[in-house]
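Here's a quick tour of some strand pairings and charged side chains. Have the fold open while you read.

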Amino acid sequence: MQGVVAFDGETATRTSVFEQRASAVYLPPGSSVTVDASGDAELALTATVGYALTAATSGPSVVHPDDVVVQPRGKPGWERDVHDVIAGTVPARHLLVGETFNAAGQWSSFPPHKHDGADGEPVLEEVYYYRFDRPDGFGFQGLYEAGGDERAVFLRHGSIVGIPRGYHPVCAAPGYRLYYLWVLVGEERQLAMHEDPAHRWLNSR
């Protein structure tokens, strides 16, 4: 997330999530990595649980900033940059990890989508971890199901939201850039989203 560390002697530097692309290490089952820090540093650790895993035949995979795939998405009002960190080029079995950056006042995960399998898409559970470029920044996370529960979560710097199912749009308050680390886990490692049919018309604007 920030600081200077070494993964098995290989240096990774990040002033903040808003300044440089991520560095990461994927650890297959049964593998390990030594992390050294000479000063204050902050790292995010994500893991899968509940799967029958066997020891991998390969070692850790280091992801450098140049390996991160950046995808601009959306249209005015919901423009954001999506960074794929642990994705297709990393031989994970159930895990997908990335980062999304919202400009101030923009929406994300929009038009609203889901990936809970109820409409034939691959089943993936998800967690979002939030940061803002200013400590007083805030936003909102919507969580809803078609014909079911609806609620909104007030987001502050450091908020974490679990998304086991349903649609989950996000918005940043005007004046504040929003960042979130997203982690997806599923039996089938495929990010195929089902958009809310009520809002698909926005794609043809």
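Leu 143 has Arg 151 as its bridge partner in β13. The two strands involved are β12 (residues 139-144) and β13, which pair in the antiparallel sense over 6 bridges. Strands here are DSSP runs of E with at least two residues, numbered from the N terminus, and two of them pair if DSSP finds at least two bridges between them.

A word on what you're looking at: this is a predicted model, where local features need pLDDT of at least 70 and side-chain atom pairs count only at pLDDT 80 or more, while totals for chains, interfaces and linings use all residues. Residues are numbered from 1 along each chain as its sequence is written, and side-chain values use heavy atoms, with hydrogens and water left out.

Back to the sheet. It's an open one of 4 strands, in the order β9-β15-β12-β13, with antiparallel pairing. The edges are β9 (107-108) and β13 (150-155); each has a single partner strand, so one side of each is left without a neighbour in the sheet.

Now for the charges. Side chains of opposite charge can pair when their charged atoms come close. Counting a salt bridge as a side-chain nitrogen of Lys or Arg within 4 Å of a carboxyl oxygen of Asp or Glu, the model has 5 salt bridges. Here are three of them:

| Pair | Closest N and O atoms |
|---|---|
| Arg 14 and Glu 99 | 2.9 Å |
| Lys 114 and Asp 116 | 2.7 Å |
| Asp 119 and Lys 114 | 2.8 Å |

The Arg 14 and Glu 99 pair links distant parts of the chain: Arg 14 sits in strand β2 (residues 10-14) and Glu 99 in strand β8 (residues 95-102), 85 residues apart.

Lys 114 belongs to a salt-bridge network with Asp 116, Asp 119 and Glu 121. Lys 114 counts as buried because its relative accessibility is 4%, and Asp 116 is buried as well. Asp 119 comes in at 45%, so it counts as partly exposed.

Strand β8 also holds Thr 100. Is Thr 100 buried or exposed? At 2% relative accessibility, Thr 100 counts as buried. Its side chain makes a polar contact of 3.1 Å with that of Trp 182; a polar contact is a pair of N or O atoms within 3.5 Å, where, within protein, one must be able to donate a hydrogen and the other to accept it, and residues adjacent in sequence count only if both atoms are side-chain atoms. Leaving aside residues up to four places away in sequence, Thr 100 touches Trp 182 and others, including Arg 80, Asp 81 and Ser 108, with contact meaning heavy atoms within 4.5 Å.

Methods. Buried means under 20% relative accessible area, exposed over 50%, partly exposed in between (1.4 Å probe, protein chains only).
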